[in-house]
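Dear colleague,

I am handing over the structure below for your study. My findings follow it, and I would be grateful if you read them with the structure open.

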Amino acid sequence: MLFIAKAAIGAGATLALVGAWVFHEGIIRVDVDEARSGGSHVHFWVPATTVSTGLRLAPRRYVRQAADKSRDYLPVLREISKGLQKYPNAELLDVRDASNHVHVSVKGGQLYLDAVSDDENIHISCPTVTLEHVADRLEDAAPGV
Amino acid sequence: MNHSIRGLGLLASVALAVTLLLPVRDFAQSNSKTDQWIHVRVESKEEGGETVRVNVPVEMAVKVLPAIKHAPLHDGKVRIDCGHMDDVDLRTMLDAVRSSKDGEFVTVQGKEDVRIAKSAGYLYIHVTENNHHARAANDGKGNETHARSAVSKVDVKVPMKVVDALLSAGKDELDIVAALHALSLHGDTELVSVKDDDNTVRIWIDSKNVSD
C-alpha cells in the first residue's frame with residue numbers, strides 16, 4: 001500500500017514537472033474565422049515548447065530547407081525576436097478604418113497579431129521567446145546568415 | 001544543533017541571493033524607463049478615415065535596420081540616388097546648413113510660405129500652404145456665397161546632432177542608424193507635424209511605449 005502511494009506521488013510529481021516544462025514557454029494560439037458562408041473556422045492552441053523542441057527533433061534536411069527559403073528574413077526575425085523580449089508590454093501597431101482593424105502588441109512577453117474586418121477575424125498569439133528559438137534554430141541550420 | 005546551523009546557512013544563502021537579485025531587477029526597470037520610442041501617428045478626419053499608430057523602440061530599430069538588405073537600405077544606411085533628386089545635392093545642402101551659424105536660410109512667401117532655419121542646435125523647416133477654394137455658387141444677385149480656405153502646415157524640427165549623424169556615412173549615403181542613436185540620446189522631441197483639413201501626421205520620440 002505504501003509502495004502504491006509512493007508510486008502515485010512520484011507519478012503525480014513527474015506529471016506536474018512535465019506539465020510545467022511543456023507550458024513554461026507559453027502557448028501559441030491561432031483563431032481564424034471567415035464570415036462568408038462555408039468560410040473556414042480554425043481554432044487551435046499548442047504549447048510553444050512543442051515548436052521549439054519540434055525544431056530540434058525535426059530531420060535536419062527539412063529545417064535546412066526552411067532556413068534556405070527564409071534566409072533573407074532570418075537576420076530581421078532574429079533581431080526583432082530578441083528585441084521584443086526586452087519590451088514585454090508594448091503597443092507596436094494599430095491601423096483602423098471604418099471596416100478593418102489591425103493590431104500588433106506585446107503583452108506579458110506574448111506577441112499578439114489581431115486582424116479584424118467585416119470578412120474575417122484573425123487572432124494569433126505567440127511567445128516572443130519562441131520566435132527567438134525558431135530564429136536561432138533556423139540560423140543553426142543555415143550557417144552564414 | 002547541526003540541523004539548525006544548516007538551516008541558518010540555507011536561509012542566509014537565500015537571503016544573499018535575493019539581496020543580489022533585487023538591485024539587478026531595479027536596474028532593469030530603471031533601464032527600461034529610459035528607453036526611447038519613435039511614434040508615428042496618422043489620422044484621417046474623413047468619415048471612416050484611417051488611423052495609423054506605430055510605436056517602435058529606438059534600440060530595436062537600431063538593431064533591426066542593419067539586418068534589412070533591401071535597396072536603397074543596406075547596413076542601416078540609405079543610398080541617395082542623385083538621379084531622382086532633380087539635380088539637388090541633398091548631402092551638400094545639409095552639410096552647408098550644418099557648418100553655418102544660426103539663422104534663417106530660406107524664406108519664401110506666396111501661395112506656399114516656406115521657412116528653413118537653424119537655431120539653438122535645431123534645424124527647423126516650416127511650410128504653410130494656403131489653398132483658397134472659391135466656390136462658384138451664386139445667391140442669384142451676383143454675390144458669391146461660399147468660399148473655403150484650406151491650410152496645410154508642415155513643421156519639421158530636427159536636432160543638428162541628428163543631422164551630423166545622418167551625414168556621418170560615406171558619400172551619397174545617409175546613416176539612419178547613427179541618426180537614430182543620436183535621436184535616442186536627445187530626449188523627447190517632436191520631429192514632424194503635418195496638418196491639413198483632412199489629415200494629421202505626427203512623428204515624435206519619447207520614453208513612453210504607447211502613443212497618447
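A:Gln65 lies in helix 3 of chain A, which spans residues 60-69. The model is a predicted one. Is A:Gln65 buried, partly exposed or exposed? It counts as partly exposed because it has 13 C-beta neighbours inside 10 Å, whereas burial requires 20 or more and exposure 12 or fewer. Between the C-alpha atoms of A:Gln65 and A:Glu120 the separation is 32 Å, and these residues stand 55 apart along the chain.

In chain B there is an open sheet of three strands, in the order 3-4-9, with antiparallel pairing. Strand 3 (73-74) and strand 9 (173-175) are its edge strands, each pairing on one side only. Two bridges join strand 3 to strand 4 (residues 77-79) of chain B in the antiparallel sense; B:His74 has B:Lys77, in strand 4, as its bridge partner. Helix 5 of chain B (residues 176-186) packs on this sheet, where it touches strand 4 and strand 9, and its direction makes about 35° with that of strand 9.

The largest nonpolar core comprises 33 residues. Among those with the most contacts inside it are A:Val106, A:Leu138, B:Val162 and B:Leu180. At least two residues of this core come from each of helix 4 (74-84), strand 3 (90-96) and helix 5 (128-141) of chain A, and from each of helix 2 (58-64), helix 4 (160-166) and helix 5 of chain B. In soluble globular proteins, nonpolar side chains tend to be buried together. Leaving aside neighbours within four places in sequence, B:Leu180 is in contact with B:Val58, B:Ala61 and B:Val62.

With kind regards

Note on methods:
Residues numbered from 1 in each chain as written. Chains lettered and ligands numbered in written order. Predicted model: local features only at pLDDT ≥ 70, side-chain atom pairs only at ≥ 80, totals over all residues. Pairing = 2+ DSSP bridges. Helix = DSSP H or I, 4+ residues; strand = E, 2+ residues; numbered from the N terminus. Contact = placed C-beta atoms within 7 Å. Axes fitted to C-alpha atoms, helices over the stretch in contact; angles between N-to-C directions. Core = buried A, V, L, I, M, F, W, Y, C linked by C-beta atoms within 7 Å.
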